[in-house]
Amino acid sequence: MNDRLVDLYEQQGQSAWLDNLRRDYITSGKLVDIRDNGARGLTSNPSIFQKAIQGSSDYDAQFEQLIADNSGASGEVIDDYWSLVIQDIHGACDVFSKVYDHSNGVDGHVSVEVAPSLAHDGPGTETAARDLHERIDRRNLMVKIPGTEEGLAPIEQMIAEGRSINVTLIFSLPRYAKVIEAYIAGLERFAEDEDADLSQVASVASFFISRVDVEVDKRLEAIGSDEAMALRGKAAVAQGQLAYQLFTEQFSGDRWERLAARGARVQRPLWASTGAKNPDYSDVLYVDELIGPDTVNTLPDGTLDAFVDHGTVARTVDADVAAAEAVWSELAAVGVDMDDVAAQLEREGVASFATAFDELIEALDKKAADLTK
């Protein structure tokens, strides 16, 4: 095992998850190696699957068999997409089941997202999330639901049914507060059954990090003052640190303690999009500065390798809350509207995943047409 990843969990209580999945990671044994080097779970998204499926021939044999089985029937390609994805998710769940067992269900989770076209369709999201849970049927599965306004009710409903959920695409503190409320309210509904095992429900709240600095830095540079320019590269970490404060506040007190007494687990903050997009910033900035108990950092391969090589294992997420609050106040003072930043990033995040999904389906449609000529 890698010492830094082990120390990250054993000394600081943070779990490193891999933010990537490809068929050859499973078939070659690479995913087992990544797990054995200290990764404790895995996340995927439509962009990851687009790159995996379009970027290799690893899926061709299965796809060709699927096309042959349905004889090129119209409308079957989306079903074929899910068949490709589910095989990968099954394989990843099997790899990480060892971690799930050893951690008593704290880690070892593998996440897959509902179709991105459902981001603003609450009833459709609920149906799709339930279907994925039942179709994939792995105890360490987490279905991803976007933390849009329309996603809140499905999140609560899935938790109320005892299903594990990864809430994704969170960009603001007010929305994060609503996500926490949806989780706790869902657990309270689940707990109405006195035989319900609350310890079997797991959830993470995925707060996107690096994209915040990309957008805020652009706005700060447009403002151009010395005060604005001095704030570049600070917004994302500050918001993550303030999110952690919200987490510690909400998962305490009588309301939470009643659920905890029944075995309920906290909904851990998960730091997503943690690869530094600005080459002027440290490649481990969004790992080193957000380390603390009961958190997850999901890292793309390059960031995981960078942290293993030269990351620093130390509790930082709440080391200087006053400084994070000061950055937040200063951003408002120079004219950056963080609510507007969050709204824009949510739109862009949903659109990015939808575009990746649509482009992949179009490519599969073309491939299916070629195979059935």
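The largest pocket has a volume of about 440 Å³, where volume is the space filled by probe spheres set on grid points joined across faces, edges and corners. This is a predicted model in which local features need pLDDT of at least 70 and side-chain atom pairs count only at pLDDT 80 or more, while totals for chains, interfaces and linings use all residues. Residues are numbered from 1 along each chain as its sequence is written, and side-chain values use heavy atoms, with hydrogens and water left out.

**Largest pocket**

- A pocket is an open set of points on a 1 Å grid over the protein atoms alone, where a 1.4 Å probe fits, with protein on both sides within 12 Å along at least five of seven lines; lining residues have an atom within 4 Å of a point.
- The lining comprises 27 residues, and D19, N45, I48, K51 and P300 lie nearest the centre of the pocket.
- Two or more lining residues come from each of α4 (46-54), β5 (165-170), β6 (203-208), α10 (210-223) and β7 (268-272); helices (H or I, at least four residues) and strands (E, at least two) are DSSP runs numbered from the N terminus.
- Helix α4 gives the most to this lining, with four residues.
- The lining divides into eight nonpolar, twelve polar and seven charged residues, with Ala, Val, Leu, Ile, Met, Phe, Trp, Tyr, Cys and Pro counted as nonpolar, Asp, Glu, Lys and Arg as charged, and the others, Gly among them, as polar.

**Packing of α4 with α17**

- The axes of α4 and helix α17 (residues 338-371) come within 8 Å and cross at roughly 30°; axes are lines fitted to C-alpha atoms, for helices over the stretch in contact, and angles run from 0 to 180 degrees between N-to-C directions.
- The two helices are therefore roughly parallel, a label for angles under 35 degrees.
- In the contact (heavy atoms within 4.5 Å), P46, S47, F49, Q50, I53 and Q54 of α4 meet S352, F353, A356, F357, E359, L360, A363 and L364 of α17.
- By class, this contact has nine nonpolar, four polar and one charged residues.

**Packing of α10 with α12**

- Helix α10 packs with helix α12 (residues 235-250) at an angle of about 130°, their axes being 7 Å apart.
- V212, D213 and V216 of α10 meet A235, A236 and Q239 of α12, giving four nonpolar, one polar and one charged residues.

Key:
Parallel < 35°, antiparallel > 145°, perpendicular 65-115°, else oblique.
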